[in-house]
Amino acid sequence: MSNIRITKQFTFETGHALYGYDGKCKNVHGHSYKLSVTVIGTPITDKTNVKYGMVIDFGDLKKIVKREIVDVFDHATVFNKNTPHVELANELEQRGHNVLLVDYQPTSEMMVIDFAQKIKQYLPTHIALHSLRLQETESSFAEWYASDNL
């Protein structure tokens, strides 16, 4: 049976600031992110399985990504917890804002690494994460490939 890649796309709105950066992105701002999640595997061959012919049900993949990424990051503001932005984060949280403090600079590159780690641990054993593409703007994106990270 052939390996097949399937992709599911997601969108979410997230704010962030890059502490110590020398450009405009040092200011708190947001993006309409587009995340493409591609997994690879062989279609189920058991004709008695309700998911016969599928690598993974798109709905099952959606549940994982929605729970681990979209529901967490959508309409949140992300700051590196090891920067002075923590003071701003605390103020925002006290005012009822959704704030995430992460162990990394919240660039698209670092976010896509974080997302890959989160998604991989919840995939069925016969499915592998092939790649992620996190699009920050219409013309800018970061990609993660399993083959680059062996």
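**Around helix H1**

Visitor: Which residues of H1 are buried?
Guide: This is a predicted model. In H1 the buried residues are Leu 61, Ile 64, Val 65, Glu 68, Ile 69, Val 70 and Phe 73.

Visitor: And what covers them?
Guide: The cover includes strands E1 (4-16), E2 (29-41), E3 (76-80) and E4 (99-102). Helix H3 (108-120) is also part of that cover.

Visitor: Where does H1 bend?
Guide: At Lys 66, by about 50°. The helix covers residues 58-73.

Visitor: What caps the N-terminal end?
Guide: Asp 57 does. One of its side-chain oxygens lies 2.7 Å from the backbone nitrogen of Gly 59.

Visitor: What about just after H1?
Guide: His 75 sits there, with a positive phi of about 55°.

Visitor: Zooming out, what pattern does the chain follow?
Guide: Along the sequence it reads β-β-α-β-α-β-α-β-β. That comes to three helices and six strands.

Visitor: How much of the chain is buried?
Guide: 41% of the 150 residues count as buried. The chain exposes about 8,800 Å², and carbon and sulfur atoms supply 48% of that.

Visitor: What does the C-alpha trace span?
Guide: About 55 × 30 × 25 Å along the principal axes.

Visitor: How many charges are there?
Guide: 16 positive and 18 negative. Their mean positions are 6 Å apart.

Visitor: Last one: what share of contacts comes from residues 24 or more positions apart?
Guide: 62%, among contacts with a separation of 6 or more.

Methods:
Residues are numbered from 1 along each chain as its sequence is written. This is a predicted model: local features need pLDDT of at least 70, side-chain atom pairs count only at pLDDT 80 or more; totals for chains, interfaces and linings use all residues. Side-chain values use heavy atoms; hydrogens and water are left out. The bend at a residue is the angle between axes fitted to the seven residues ending there and the seven starting there. Helices (H or I, at least four residues) and strands (E, at least two) are DSSP runs, numbered from the N terminus. Buried means under 20% relative accessible area, exposed over 50%, partly exposed in between (1.4 Å probe, protein chains only). Contact means heavy atoms within 4.5 Å. A polar contact is a pair of N or O atoms within 3.5 Å; within protein, one must be able to donate a hydrogen and the other to accept it, and residues adjacent in sequence count only if both atoms are side-chain atoms. Accessible areas come from the Shrake-Rupley method with a 1.4 Å probe; for residues, only the protein chains shown count as cover. Lys and Arg count as positive and Asp and Glu as negative; His and the chain ends are not counted. The place of a charge is taken as NZ of Lys, CZ of Arg, CG of Asp or CD of Glu.
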